[in-house]
Amino acid sequence: MTEPALDALFEAAAAVRGRAHAPYSGFAVGAALTDEDGRIHAGCNVENAAYPVGTCAEAGAIAAMIATGGRRIRAILVLADSPAPVTPCGACRQRIREFAGPDTPILSAGPDGIRARFTLEELLPASFGPEHVVHGA
């Protein structure tokens, strides 16, 4: 991934993180992804008083991609302020898997920049995906 593309993902994730709705945990997260056409889509976490009903930043970014016609994730960046690199939760790893391949870069960032780089295969090995579902049987 080129530096300008990485910078654009970081800026989009940082901007949307500032709009996160995290009144309960105080843990604001922003995510930005690049689709198959190079467009950037971003999302932030949205907490809810009924905790299980909240939405992760990655899920918001994926929904934004789908809403504008994108169907493939080329790279995704997750931005949070934490002492350790923040990676997508298990459910979001599976959400990413629906639209990404094993070599898709997943970048973990803090306010100061990129902290870690992974592939989807590293975060979700031997995953279940669309190719496992039999259609029309």
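**Aromatic pairing in its setting**

Modeller: Start with charge: the mean positions of the 11 positive and 15 negative charges of the chain are 3 Å apart. Lys and Arg count as positive, Asp and Glu as negative, with His and the chain ends left out; each charge is placed at NZ of Lys, CZ of Arg, CG of Asp or CD of Glu. This is a predicted model, where local features need pLDDT of at least 70 and side-chain atom pairs pLDDT 80 or more, while totals for chains, interfaces and linings use all residues. Numbering runs from 1 along each chain as its sequence is written, and side-chain values use heavy atoms, without hydrogens or water.

The chain holds 4 helices and 5 strands, in the order α-β-β-α-β-α-β-β-α from the N terminus. These are DSSP runs: helices H or I of at least four residues, strands E of at least two.

To your question: the search finds 1 aromatic pair. Ring centres must lie within 6.5 Å; under 30 degrees is stacked, over 60 edge-to-face, the rest tilted. The partners sit 27 residues apart and link distant parts of the chain. Tyr24 is in the loop between α1 (3–17) and β1 (29–35). Tyr51 is in the loop between β2 (40–44) and α2 (57–67).

How covered are they? Tyr24 is partly exposed, because its relative accessibility is 42%. Tyr51 has 61%, so Tyr51 counts as exposed. The cut-offs: buried is under 20%, exposed over 50%, partly exposed in between, using a 1.4 Å probe and protein chains only. Across the chain, buried residues make up 41% of the 137.

Methods:
Rings of Phe, Tyr and Trp (its six-membered ring) pair if their centres lie within 6.5 Å; planes under 30 degrees apart count as stacked, over 60 as edge-to-face and the rest as tilted.
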